[in-house]
Amino acid sequence: MARRIPVPQLEGVTREEFLQRIYPQRKPVVLKGIDLGTCTTKWTADYISQVGGTKEVKIHVSTVPQMDFIKLCLLTGLYTGLQKTSTRNSLFQSHQRALVEREEKYYLRSLGEDPRKDVADIRKQFPLLEGDIKIPEFFEKEQFFSSVFRISSPGLQLWTHYDVMDNFLIQVTGKKRVVLFSPRDAQYLYLSGTKSEVLNLDNPDLNKYPLFFKARRFECVLEAGDVLFIPALWFHNVISEEFGVGVNVFWKHLSSECYDKTDTYGNKDPTAASRAMQILDRALKTLDDLPEEYRDFYARRMVLRIQDKAFSSNYE
Ligand SMILES: O=C(O)CCC(=O)C(=O)O
């Protein structure tokens, strides 16, 4: 079983303390006692239904608590306290009976007006709710990337993934358990793109994922009013212990030109990283010209070069 390391919790941290002491460490931390405005008392399911009820949103529906992309289906409907009131998505309609016969779990992750071009921004998509929440002003305005409204059913688990932006995950109501893994442990997480294939963190299939137990597991429980700082590239897995409403705000850590201009979700690798990955894929393909014995030898030499270059000792 992986070691569980509690994420530090800090009370009443100021902007200066955060920027000078906490941010440079590039480690997750739970900030408690931050003034978030009236949202923590106002944002009940009834209130959100009234204020946001005419807004059409896309909601993920899952027949199992552990969401993955295969068992997931998107429905378009009006948001009324996470009751579906209208559906347009034919995929959903064809699965509707199967879904309602079992227990359904819902997950809302707000999107921009045109998700292919626009980032989510609660100021634009939910102007009537925006006034209730004070986003901690710890970063410069130019660093702002997106603000995402999230609502989830109790028991729902979001797969382990990383984002490329720094993140303030604001738990407005409800309770969530968040498990985090350092970018340094990426090699134990069985990645497929930005996600880990290991869905069941508490009882992983160690025959399939034998190295998973080596990943150091950081953990915290977010209560209403808590803000979790998740540095870019830190993996996170979120289980909603109660029905909960949250907002997460992505901030740029690197200068704007490093990021992929087509990224509206905050999870496309920086352009230099994508280019390097493509070159690596080409290099590996080039090795296909050699017989297996040689391919294996030169692949090992490539691994050694990468290890020498990438695993710097001063970054923990
Ligand atoms: O709180 C959630 O529902 C998910 C949060 C998350 O994945 C994120 O902020 O990137």
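1. Let's begin with the second largest cavity, which is lined by Arg109, Ser110, Leu111, Gly112, Pro115, Asp118, Ala120, Thr264 and Tyr265. A cavity here is a set of points, on a 1 Å grid over the protein atoms alone, where a 1.4 Å probe fits but cannot get out, and lining residues have an atom within 4 Å of a point. About 30 Å³ of space lies in this second largest cavity; a volume is the space filled by probe spheres set on the points, which are joined across faces, edges and corners.

2. A word on the model before going further. It is predicted, so local features need pLDDT of at least 70 and side-chain atom pairs count only at pLDDT 80 or more, while totals for chains, interfaces and linings use all residues. Residues are numbered from 1 along each chain as its sequence is written, and side-chain values use heavy atoms, with hydrogens and water left out.

3. What is the make-up of that lining by class? The lining of the second largest cavity divides into 4 nonpolar, 3 polar and 2 charged residues. Ala, Val, Leu, Ile, Met, Phe, Trp, Tyr, Cys and Pro count as nonpolar, Asp, Glu, Lys and Arg as charged, and the others, Gly among them, as polar.

4. How many cavities of 30 Å³ or more does the structure hold? There are 2. The largest cavity has about 100 Å³ of space, and its lining includes Ile230, Tyr107 and Lys176.

5. The ligand sits in the largest cavity, meaning that more than half of its atoms lie within 2 Å of the cavity's grid points. Strands E9 (157-161), E10 (166-173), E16 (235-240) and E17 (244-251) each give two or more residues to the shell around the ligand; strands are DSSP runs of at least two residues, numbered from the N terminus.

6. Which residues surround the ligand? Among them are Arg150, Leu158, His161 and Phe250, where being near takes a heavy atom within 4 Å. By class, this shell has 5 nonpolar, 4 polar and 3 charged residues.

7. Now for the polar contacts (pairs of N or O atoms within 3.5 Å). An N or O atom in the side chain of Asp163 is 3.0 Å from a ligand oxygen, and His236 likewise has a side-chain N or O atom 3.0 Å from a ligand oxygen. For Asn248, a polar side-chain atom lies 3.3 Å from an oxygen of the ligand. Taken alone the ligand exposes 290 Å², and the protein buries 99% of that, with areas from the Shrake-Rupley method and a 1.4 Å probe.

Technical notes
Polar contact = N/O pair within 3.5 Å; in protein donor to acceptor, adjacent residues only side chain to side chain. 1 Å grid on protein atoms, 1.4 Å probe; cavity = no way out; pocket = protein on both sides within 12 Å on 5 of 7 lines; lining within 4 Å. Helix = DSSP H or I, 4+ residues; strand = E, 2+ residues; numbered from the N terminus.
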